[in-house]
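Could you walk me through this structure stop by stop? I have it open in a viewer and would like to know what to select next and what is there.

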Amino acid sequence: MAELSGKTICQAFLEMAAKRSDQVALREKEYGIWQRITWQQYREHVTNFALGLKVIGFNRGDHLAILSDNCREWIYAELGTIALGGVTIGVYPTSPAPEVQYVINHADARFVVCEDQEQTDKILEVWDELPLVEKIIVIDMKGLRNYDKENIISFQEIEGLGRELAAENLGLFAAEVAQGDAEDVCIMIYTSGTTGKPKGAMINHRNIEATTLSTIKAIAPTVDDTVVSYLPLCHVAEKIFTLFLPIYVGFTVNFAESIATIQSDLREIAPTIFLGVPRIWEKLQSSIIINIKETSPFKRWLYHRCMAIGRRRSELSLWPGLRILDILAYWLIFRSLLNYIGLRKARFCFSAAAKISPEVLRFFHDIGLRVKEGYGMTECTGLSFIHMGDDIKLGTVGKAIDVIEFKISEQGELLKRGDSIFVGYYKDKVATERVIIDGWLHTGDVATLDEDGHLRIIDRMKDIIITSGGKNIAPSEIENALTTSIYIKEAIVVGEGRNYLAALIQIDFDNVGKWAIDQDIPFTNFKNLSMLPQVYTLIKEEVERFNKQFARVENIRRFKLLTKELDHDDDEMTATMKIRRANVYRKFAAEIDEIYRA
């Protein structure tokens, strides 16, 4: 691994801003027009926000929370806070008020940056339960004219205060940055909380530099690359691509309009580097398949012929004549498909944050997009394993980046250590000592290493199902296979202590709804559609198709269709759309019992 410089992220930021002063650092669309921010302007915004915070009483060591979708102001606030020796905490903008209150209170935040009226209302709703919060800093003040302004100040006003202080003391910002130390905690990232209350993972500057330098070595980004920022910046994976890598490499970050518009944004931005979570890759695949179904018989025939050629190419079994056919397939089908999903210019594509079905990755490899899978966790500042170069082995997460040393325990648990391992959980010494033992981070993931040195993640140790026959079964592999169906959005495998596996299945409302319309089957809403016998038969055929991929003991023998969509607000999913299994098992206990009684 490259030797660490010992610099803070803000010290590295100032160096990059000086080096690439007039080059474009950020792009964001306003009223349909892309606004370009140079590195010099980027530095000015960060400087002004930081010094504005100082004017209103922010002190070294204070905490600031950010409640917003991805935007320029998010990273101005993050870097500005860190420059003053503060700590930032990201809060998911989809979180309901009680969850927001818990994170902000637990994190001891004195200031909160809110995107707009909607997010400000969440803070005001629980204001009496946030005794430490002094000011709400609002990016978009629209709709707040009649609000009591005693505790509210606009983002622009903060920057104005900072601009005045900067004019009076030209070297103040640089002096604040110079005080930073590599061991200072600068970011707290709250875990998704699949098994309980979220915990605040403390990340310091050394963790960030170690992860960033090793990631640069593993994926070789250049200053000419472009990325699209759309996954929540509360998540460590998005921080790597929107904040850490650009500061050390100098490439351009484009802010998508929203996660809902990501596919149209991708077509417009055409990034060269793209990070997608499994659900995004599944949606992109599903949109292609649905569109192909609507084309003419000849186009469907051509698509299937070209996909067969793509499969041969992706399996590295092209003979000379087939290479010519592959070029022809590219111009006939694949180029259009890559343009359609906005990734024709992408040279590095990456799936992370959760396990993905190898079949989904294989689909993209077949059309010419060599998506790589990676693995990491908040507690090791993000990335720790990835497919490097052409060394791609589907079903694995690749090899360790050079900052990580790892081993597999006798119980099959993956253990890691290195400079990227976090400082610990905020205000939770017991939880910290439970996961870091003798310098090793206990990941809680069951893993195996194959003969080529590639790591395979089996499942979370706590999620392994043990049937009444004593068989250990990893539910995520079966669930990932099921959700590759365009008609299945979520699948939760059950069977602990039972004599066979079953599943709770949530249909994909859009795709199943379109199927029902094509079949002239009337329906009114999600519940009504899920209860139709024709839909049950459709899903039964899908389940039976996927059962053929697994051993008999891993087959889903019975299932029940959920009549409501799993929701973050109902505490059934995390903000990162991971299933809260314990909550789902408890809430749908009657449905599970009904499956086995039948």
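Welcome! Keep in mind that this is a predicted model. Residue numbers start from 1 along each chain as its sequence is written.

**Stop 1: the eight-stranded sheet**

Begin by selecting the open sheet of eight strands, whose order is β7-β6-β5-β3-β4-β8-β9-β19. The pairing in this sheet is mixed. Colour β7 (152-154) and β19 (424-425) next: these two stand at the edges with a single partner strand each, so one side of each has no neighbour in the sheet.

Now pick strand β9 (residues 200-204), which pairs with β19 in the antiparallel sense over two bridges. Show Met202 and you will find Gly424 of β19 standing opposite.

Helix α8 lies across β8 (185-190) and β9, and runs at about 75 degrees to β9.

**Stop 2: the largest cavity**

The largest cavity has a volume of about 120 Å³. To find the largest cavity, select Tyr92, Glu99, Val103, Thr191 and Pro198, the closest to its centre of the 15 residues that line it.

Which elements each supply at least two residues of this lining? They are β4 (87-91) and α4 (97-106). Helix α4 gives the most, with three residues.

**Stop 3**

Move on to Gln285, Ile289, Tyr303, Phe363 and Arg545. Of the 20 residues that line the second largest pocket, these are the closest to its centre. The second largest pocket holds about 560 Å³ of space.

Show the helices around the second largest pocket: α11 (278-293), α12 (297-314), α14 (358-366) and α19 (533-547) are the elements that give two or more residues to its lining. Which of them provides the largest share? That is α12, with five residues. By class, the lining of the second largest pocket divides into eight nonpolar, five polar and seven charged residues.

**Stop 4: the three-stranded sheet**

Next, select the open sheet of three strands, in the order β25-β26-β27 and with mixed pairing. Its edge strands are β25 (488-494) and β27 (556-561), each of which pairs on one side only. Look along the sheet to see the twist, which averages 30 degrees from one strand to the next.

Zoom in on β25 and β26 (residues 501-507): these strands run antiparallel and are joined by six bridges.

Then bring in helix α21 (residues 589-597), which lies across β25, β26 and β27 and runs at about 130 degrees to β26.

**Stop 5: an aromatic pair**

The whole structure has 21 aromatic pairs. Select Tyr500 and Tyr596, which form a tilted pair with 5.0 Å from centre to centre and 40 degrees between the planes.

Why is this pair worth a look? Tyr500 lies in the loop between β25 and β26, while Tyr596 is in helix α21, so the pair ties together parts that are 96 residues apart in sequence.

Definitions and conventions. This is a predicted model: local features need pLDDT of at least 70, side-chain atom pairs count only at pLDDT 80 or more; totals for chains, interfaces and linings use all residues. Side-chain values use heavy atoms; hydrogens and water are left out. On a 1 Å grid over the protein atoms alone, a cavity is a set of points where a 1.4 Å probe fits but cannot get out, and a pocket is an open set with protein on both sides within 12 Å along at least five of seven lines; lining residues have an atom within 4 Å of a point. Grid points are joined across faces, edges and corners, and a volume is the space filled by probe spheres set on the points. Helices (H or I, at least four residues) and strands (E, at least two) are DSSP runs, numbered from the N terminus. Ala, Val, Leu, Ile, Met, Phe, Trp, Tyr, Cys and Pro count as nonpolar, Asp, Glu, Lys and Arg as charged, and the others, Gly among them, as polar. Two strands pair if DSSP finds at least two bridges between them. Axes are lines fitted to C-alpha atoms, for helices over the stretch in contact, and angles run from 0 to 180 degrees between N-to-C directions. Contact means heavy atoms within 4.5 Å. Rings of Phe, Tyr and Trp (its six-membered ring) pair if their centres lie within 6.5 Å; planes under 30 degrees apart count as stacked, over 60 as edge-to-face and the rest as tilted.
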